Protein chains: 2
Amino acid sequence: MKGNSQKLSLSIVGGGNVAFHLMNIFYNNDKIEVKQLCNRSCFTSHFEQFAVEKITNVSLLKPVDICIIAVKDSAISEVSEKLPFSGNLVVHTSGNTDIDVLSGKNRKGVFYPLQSFSKDIPVDFQEVPICIEAQDLADLEVLRILAESATSKVYEINSFQRKILHISAVMMNNFTNHLIGISKEICEENKVPFEILKPLLSETFEKIQKTEPFEAQTGPARRNDRQTIENHLALLSGNRKEIYKTITNSILETYGSKKL
Amino acid sequence: MKGNSQKLSLSIVGGGNVAFHLMNIFYNNDKIEVKQLCNRSCFTSHFEQFAVEKITNVSLLKPVDICIIAVKDSAISEVSEKLPFSGNLVVHTSGNTDIDVLSGKNRKGVFYPLQSFSKDIPVDFQEVPICIEAQDLADLEVLRILAESATSKVYEINSFQRKILHISAVMMNNFTNHLIGISKEICEENKVPFEILKPLLSETFEKIQKTEPFEAQTGPARRNDRQTIENHLALLSGNRKEIYKTITNSILETYGSKKL
């Protein structure tokens, strides 16, 4: 980094949702200059708005203050190995990937925005937590400056904690979404209007924001109501039945009742 | 019922959350008169505010337009059998109980408010859907008048559909609450501040209100990312591992990938 008065220079490798949202926040930021965007295939039309040098070959990347690798987890190691410079700060953006996966020829870091991104849904980045990690304090401070230019929520999180966060996020976001999808499907199959359940959905969410989830637990498994549980299982089959049984057992055990 | 100009008379059997919330909405309603409250044990202090005759013996109940049995599912049949009158309209309030569980000596109905009730959390009943069912049209209309005095959301739902709704509600409310409880527990055990996940929690529910859950699905299982799934499973054990595996398999299969 070349002092506080100068811009922080970046390059971003990747053409997916994370690369797109990072471009969105850094492109118009006075303190940041994105020098190059690199993707192994052509960029989608979403990226046309960014007047930045676009390349498809990692070997053409120039040294910058921070090179951000925002590619799929399994490609991070290979991309970092192919970078044509050394001794610079290189970070990945993955929740589930250890910092050590990055090649040792550059200084390593992580810049992980904890959000579920879709290209077509705008994100208010001020509310998105960014988890940073680096191997030395100076690099951590550079990442902090970069993160604080995007959000007020910056956390220093090590690789193990980041994996824990990622698992929690999968349970809280991806799994609850699937359960609500199943609820809706079950209603539709049986010609029950799903709108009847919408107020309950809102209430569920409001309650969770205000109370401890384990204290607020209700339902047949919480009160060990075996008859209702059996009735429900008799109406379910396949994956739905497995899910019902598994979560019910977990709730039963959490509150001291015997499993099914 | 004694015509539109007269009040609808009720008695309520039960001393739990549903009985309490029903009392709350009907007690101050000009069109309704609650004649008696009956519970086999003493009423909790929550009920002190209601200046209504309180009894502990079902045999002392007098005939009214609608007798509401708001006791636990397994007691509905027995209570309805013990009622000291016949030919009157008697309803239960259970999501998971068939209308036929009620004794045949009175006319049968169901008055099911679809909400997760806690005694200490006030409920805006205008937003609570009430599902009604009766064996003849005249009784259905009486139940509709009662329901519309409490909420704008009244649905005629038969016993089978009501069971479907109840299963969907358990998945959407009780199960998602448990998953979020686990997320929080995992974070706390590993000294990761749970607040990092709060913006994701808000975004999850906002997205679900606006999009089709099955179209909005993201995460490792959605993109068939076996490496991340294996990494997560390696960090989990017991019920949590079972839940992770079961829901992941369901998501994998929903989107055409092979199960684990």
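## Ser80 of chain A

The side chain of Ser80(A) reaches the backbone nitrogen of Ser103(A) at 2.8 Å, in a model that is predicted. Ser80(A) belongs to helix α2 of chain A, which comprises residues 76-82, and with a relative accessible area of 2% this serine is buried.

## Helix α3 of chain A

Helix α3 of chain A runs over residues 137-148, and its twelve residues reach 16 Å from the first C-alpha to the last, close to the 16 Å expected at 1.5 Å a residue. At the start of α3(A), a side-chain oxygen of Asp136(A) comes to within 3.2 Å of the backbone nitrogen of Ala138(A).

Within α3(A), the buried residues are Asp139(A), Leu140(A), Val142(A), Leu143(A), Leu146(A) and Ala147(A). Because they cover an arc of only 160° around the axis, they lie on the same side of α3(A), whereas Leu137(A) and Ala138(A), on the other side of α3(A), are exposed.

## Aromatic pairs and a cluster

Over all chains, the count of aromatic pairs comes to 15. One of them is formed by Phe26(A) and Phe111(A), whose rings are tilted, with 6.2 Å from centre to centre and 50° between the planes. This pair links distant parts of the chain, since Phe26(A) lies in helix α1 (residues 17-27) of chain A and Phe111(A) in strand β6 (residues 107-113) of chain A, 85 residues apart. Phe26(A) is buried, with a relative accessible area of 0%, and Phe111(A) is likewise buried, with a relative accessible area of 0%.

Phe205(A) and Phe205(B) have ring centres 4.5 Å apart and planes at 20°, so this pair is stacked. Because Phe205(A) lies in helix α5 (residues 198-210) of chain A and Phe205(B) in helix α5 (residues 198-210) of chain B, the pair joins two chains. Phe205(A) counts as buried at 16% relative accessibility, and Phe205(B) counts as buried at 1%. In chain A, one aromatic cluster is formed by Phe20(A), Tyr27(A), Phe43(A), Phe47(A) and Phe50(A).

Notes: Residues numbered from 1 in each chain as written. Chains lettered and ligands numbered in written order. Predicted model: local features only at pLDDT ≥ 70, side-chain atom pairs only at ≥ 80, totals over all residues. Heavy atoms only, no water. Phe/Tyr/Trp six-rings, centres within 6.5 Å; stacked < 30°, edge-to-face > 60°. Helix = DSSP H or I, 4+ residues; strand = E, 2+ residues; numbered from the N terminus. Buried < 20%, exposed > 50% of the residue type's maximum accessible area, 1.4 Å probe, protein only. Expected span 1.5 Å × (residues − 1). Arc of directions from axis to C-beta. Polar contact = N/O pair within 3.5 Å; in protein donor to acceptor, adjacent residues only side chain to side chain.
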